[in-house]
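Subject: Handover of a structure for your review

Dear colleague,

Please find below the structure that I am handing over to you.

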Amino acid sequence: MEKSYSWQDNQWRQIISRAKLGSLPHSLLLTGLPGLGKFDFAVELANSLFCEQPDEEGHSCGQCRICLLLKAGTHPDFHIVSPEEKSKVIKIDQIRDFCNVMAHKSQLGGYRVAILSPAESMNTSAANALLKTLEEPGERTLIMLVSSQPGYLPATIRSRCQKVDFGLPDYNTSKNWLEKQGVTGDIKLLLNLSLKTPLTALATFNDGHLQERAAFINEFLGLKQGLQNPLQLADKWNKLQPERCLAWMMSWIMDLIRLKSDDNTSHMINNDMKQHLQPIARQLDLLNLFSFQDKLQVANRQLTTQVNGQLLLEDLFITWIKIR
Ligand SMILES: [Zn+2]
């Protein structure tokens, strides 16, 4: 990982200058789309606050005694709270344990830093259990909540944190960064498919998602032609990546909606798939496409909970076959 990403320069400078003045808030809420490196930013900020000899820009040295402790994951005053393996939620017991730790003093006598990510995965009782610690975190303490969907956090939590928002980098910033990571080919398409976020675009490139996507559009359109069985397809895609599958569907429906109102294909997300999408757009009703898009968005939210992905995809595929 880089120390911090070029599109985070403003946020980094602002926070570091406040830290130097000793006016850092006790709790931050880092928000922005997934794929912008918010979590990495939080980790580097923690490293910077702990490091014995940070550089002029405030970045950690990576070599001092404390940086080595952090690298080994054994710094006693640095805490990361995330859903445990195979769980999608941060449980109340995890928050209680965390609050107990925070009720005690720093072990090494310096800062105490915690990252809760993704913060919206706390359920209501876990969030309530966190309130008191957020209100009185103690001296030289920084609690960072990382969230791509801060709207799902209780207002009581949001109001106790200072918000740091991460916006989308411009195209050239993303393109330059992706090229430095060795990404080749149609970078514009990669970014379009990744909500324009560079880290997601990199993952899309590295994981061969484009090949999967090419296979999936044929299967998805094949559903409507009676060439695919929705139950079998749901089983197949649920085993791969239901989130990704849903993101693709949303982008195709968005393009179909665009094509209904404008024949100009230059604004399409999936510009490489216009030959597949144009004929379908002519057959389908605009209102039906909108209501299917709504359904996809609800499903997207449900996927972050303990929903049955197989049933969810089956339902979506069957609806897709039926819409006219
Ligand atoms: Zn250091």
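I begin with a pair of helices towards the end of the chain. Helix H14 (residues 286-302) and helix H15 (residues 309-322) have axes that come within 11 Å and cross at roughly 175°. The two helices are therefore roughly antiparallel to each other. On the H14 side, the residues that take part in the meeting are Phe292, Lys295, Leu296, Ala299 and Gln302, and their counterparts in H15 are Leu312, Leu316, Thr319 and Trp320.

Please note that this is a predicted model. With that in mind, the overall layout is as follows.

Overall layout

The protein chain contains 15 helices and five strands. Its C-alpha atoms fill a box of roughly 65 × 40 × 30 Å, taken along the principal axes. Of its 324 residues, 36% count as buried. Among the contacts in the chain with a separation of 6 or more, 70% come from residues 24 or more positions apart.

The chain is divided into domain 1, covering 6-167, and domain 2, covering 208-322. The C-alpha centres of domain 1 and domain 2 lie 36 Å apart.

S1 is joined to strand S4 (residues 141-147) by five bridges, and the two run parallel. Within that pairing, Ser27 has Ile143 of S4 as its bridge partner. S1 is also joined to strand S5 (residues 162-165), here by four bridges, and these two strands run parallel as well. In this second pairing, Leu29 stands opposite Lys163 in S5.

S1 is mostly covered, as five of its five residues are buried. Ser27, Leu29 and Thr31 point one way from the strand, while Leu28 and Leu30 point the other way.

Strand S3 (residues 112-116) is likewise connected to S4, through five bridges, and S3 and S4 run parallel. Arg112 stands opposite Thr141 in S4.

The nonpolar cores

The largest nonpolar core has 45 residues, and those with the most contacts inside it are Leu30, Ala42, Ala46, Met144 and Leu145. Which helix gives the most to this core? Helix H2 (residues 38-50) does, with seven residues.

Leu30, already mentioned as a buried residue of S1, touches Lys38, Phe41, Ala42, Met144, Leu145, Val146, Val164 and Phe166, not counting residues up to four places away in sequence. A second, separate core has 22 residues, including Phe216, Phe220, Ala299 and Phe317. Ala299 is also one of the H14 residues that meet H15.

Backbone details

A cis peptide bond joins Ser117 and Pro118, with omega at about -15°. Pro118 lies in the loop between S3 and helix H5 (124-135).

The other two places are in another loop, the one between helix H8 (187-192) and helix H9 (198-206), where Leu195 is found. Leu195 has a positive phi of about 50° although it is not a glycine.

With kind regards

Technical notes:
Residues are numbered from 1 along each chain as its sequence is written. This is a predicted model: local features need pLDDT of at least 70, side-chain atom pairs count only at pLDDT 80 or more; totals for chains, interfaces and linings use all residues. A nonpolar core is a set of buried Ala, Val, Leu, Ile, Met, Phe, Trp, Tyr and Cys residues joined through C-beta atoms within 7 Å. A residue is buried if 20 or more other C-beta atoms lie within 10 Å of its own, exposed if 12 or fewer, and partly exposed in between; C-beta atoms are placed from the backbone. Two residues are in contact if their C-beta atoms, placed from the backbone, lie within 7 Å. Two strands pair if DSSP finds at least two bridges between them. Domain bounds come from an automatic or database domain assignment. Axes are lines fitted to C-alpha atoms, for helices over the stretch in contact, and angles run from 0 to 180 degrees between N-to-C directions. Angles under 35 degrees count as roughly parallel, over 145 as roughly antiparallel, 65 to 115 as roughly perpendicular and the rest as oblique.
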